[in-house]
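Please read the following report with the sequence and the 3D view at hand. It starts from one residue and then moves to the chain as a whole.

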Amino acid sequence: MSKRDTPPASELVSAAQALDSELLRFEALSEQLKEAPLTSEKQLERASKTLKDLADLDDALRMRVGALVQAITGVRNRQQAQADAVNVRAQELQQRTEVFKDLLTRYGALGQSAADLNGRMQEFASLRQQATRTAEEDARLTEVFTSLQARMAEVADEAATLSTAAEEARFADIGRQAESLRQQLLSARNKLGLLHQSLGT
């Protein structure tokens, strides 16, 4: 990075550097005054001027200290503002994580429901494929069909509710997955209905 690209010193650094510079001057003049001989009029005049310069520097030092304290206060206030913002964000992160976990749990339950439905559809397909059925088996087939249709509609509604909740919570991925599951359930429900109609019952 070139000197032209170097960012300007912060207010705190500038105030500290200015104070340090004044302190060095004050220390140098103090040493000069302590070691100055006082044996002639010229030396006395020079020592008096040094003493006056030290008094002026003392006033300047008080101003530099005040500027440094002000800069430190500004830094502390900025740090506190950042800390407050981080704390707010941390709370938001915790809340969002809890919402996400809840949505994910609900989606997991939907997946389990879909898996259970798949098993029941296999049972329906097995009953349907029998070449000959008794009246009791036909009744059982109709019972399984009715139960499946109702449960599939129920799970599809649950998927729709979850999709809406996820979209409102701004978790679009879960919303899309839940909607996709709903579409799959409705498609399977329609196919199931066609299969049942082909039974002639």
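## Report on a predicted helical chain

Phe26 is a residue of helix α1. This is a predicted model, in which local features need pLDDT of at least 70 and side-chain atom pairs count only at pLDDT 80 or more, while totals for chains, interfaces and linings use all residues. Residues are numbered from 1 along each chain as its sequence is written, and side-chain values use heavy atoms, with hydrogens and water left out.

With a relative accessible area of 24%, Phe26 is partly exposed. Here buried means under 20% relative accessible area, exposed means over 50%, and partly exposed lies in between (1.4 Å probe, protein chains only). If neighbours within four places in sequence are left aside, Phe26 is in contact with Leu54, Leu57, Asp58 and Leu61. Contact means heavy atoms within 4.5 Å.

**The chain as a whole**

The protein chain has four helices and zero strands. Helices (H or I, at least four residues) and strands (E, at least two) are DSSP runs, numbered from the N terminus. The radius of gyration of the protein chain is 42 Å, well over the 17 Å that the globule rule gives for 201 residues, so the chain is more spread out than a compact globule. This radius is taken over C-alpha atoms, and the globule rule is 2.2 Å times the number of residues to the power 0.38. Along the principal axes, the C-alpha atoms fill a box of roughly 135 × 30 × 20 Å.

Of the 201 residues of the protein chain, 22% count as buried. The chain exposes about 13900 Å², and carbon and sulfur atoms supply 54% of this area. Accessible areas come from the Shrake-Rupley method with a 1.4 Å probe; for residues, only the protein chains shown count as cover. Among contacts in the chain with a separation of 6 or more, 73% are between residues 24 or more positions apart.

There are 26 positive and 30 negative side chains in the protein chain, and the centres of the two sets lie 4 Å apart. Lys and Arg count as positive and Asp and Glu as negative, while His and the chain ends are not counted. The place of a charge is taken as NZ of Lys, CZ of Arg, CG of Asp or CD of Glu.

Helix α1 covers residues 11-35, and its 25 residues reach 36 Å from the first C-alpha to the last, close to the 36 Å expected at 1.5 Å a residue. The expected span of a helix is 1.5 Å times one less than its number of residues. In α1, the buried residues include Ala15, Leu19, Glu22, Leu29 and Ser30. Part of what covers the buried residues of α1 is α2.

Helix α2 takes in residues 41-128, and Gln43 is found there. Gln43 has a relative accessible area of 19% and is buried. Apart from neighbours within four places in sequence, Gln43 is in contact with Pro37 and Leu38. Arg46 also lies in helix α2, and at 44% relative accessibility this residue counts as partly exposed. Asp116 is another residue of helix α2, and Asp116 counts as partly exposed at 44% relative accessibility.

The table lists C-alpha to C-alpha distances for some residue pairs.

| Pair | Apart in sequence | Apart in space |
|---|---|---|
| Phe26 and Thr161 | 135 residues | 76 Å |
| Arg46 and Leu110 | 64 residues | 94 Å |
| Asp116 and Ser14 | 102 residues | 71 Å |

Among the buried residues of α3 are Leu141, Val144, Phe145, Leu148 and Ser163. What does Ser163 touch, not counting residues up to four places away in sequence? Ser163 touches Gly175, Ala178 and Glu179. At 9% relative accessibility, Ser163 counts as buried.

Arg170 is found in the loop between α3 and α4 (172-197). Its phi is near 65°, a positive value in a residue other than glycine. Arg170 is exposed, with a relative accessible area of 59%.
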